[in-house]
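I opened the notebook to look up aromatic contacts. My entries follow the structure.

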Amino acid sequence: MVCLGNICRSPLAEGVMRKLLEEQGLYWEVASAGTGSWHVGKAPDARSVAVAKRFGYDISKQRAQHFRMSFFETYDRIFVMDQHNYQDIVSLTQDNASRDKVSHFLPDLEDVQDPYYEDRLFEPVFLGIEARCKSLLSELNNL
Ligand code: 4NP
């Protein structure tokens, strides 16, 4: 799960997906990372931690990391939150196999809005991410 800072959106997607996987007894590895490195090592934004907690997810122990080239090998699928993330990640790819792993998290190439500068966006962003994690997991599990 990839976004810009790895402190607002992608940590939510990571935490929600991990809990859904645990509930379903699936041992898939999930992680998140940012295309930017400003927040490396930091906990998720307090507003993401709070909204996740309100809906039953603990993301407080996750730590931000910068997207690394090795992730193209490590992970089968790479989901990006918006079109900027998509361009940034695809521009790093050196072969079709890597490029083919990258897709938008939301269907129809929609962006997950960046809530960083607007507190009121955290809840709707969380709810959209949670709903999409559920549908994405069922899609991936039925492949
Ligand atoms: P994220 O949100 O990409 O969802 O983690 C942001 C976090 C930090 C910044 C921008 C977006 N920033 O400019 O520091």
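How many aromatic pairs does the structure hold? I found 6 aromatic pairs. I took rings of Phe, Tyr and Trp (its six-membered ring) as a pair if their centres lie within 6.5 Å, with planes under 30 degrees apart called stacked, over 60 edge-to-face and the rest tilted.

I looked up Phe 55 and Phe 126 and noted a stacked pair, because the ring centres are 4.9 Å apart and the planes stand at 25°. Phe 126 sits in helix α6 (residues 122–141) and Phe 55 in the loop between α2 (46–54) and α3 (71–74), so the pair ties together parts 71 residues apart in sequence. Helices here are DSSP runs (H or I, at least four residues), numbered from the N terminus.

This is a predicted model, in which local features need pLDDT of at least 70, side-chain atom pairs count only at pLDDT 80 or more, and totals for chains, interfaces and linings use all residues. Residues are numbered from 1 along each chain as its sequence is written, and side-chain values use heavy atoms, with hydrogens and water left out.

I checked accessibility next (buried under 20% relative accessible area, exposed over 50%, partly exposed in between; 1.4 Å probe, protein chains only). Phe 126 is buried at 0%, whereas Phe 55 is partly exposed at 32%.

I then noted Tyr 116 and Tyr 117 as an edge-to-face pair, 4.9 Å centre to centre with 80° between the planes. Tyr 116 is partly exposed at 31%; Tyr 117 is exposed at 75%.

My last entry is a cluster: Phe 67, Phe 71, Phe 72 and Tyr 75 form one aromatic cluster.

Key: Helices (H or I, at least four residues) and strands (E, at least two) are DSSP runs, numbered from the N terminus.
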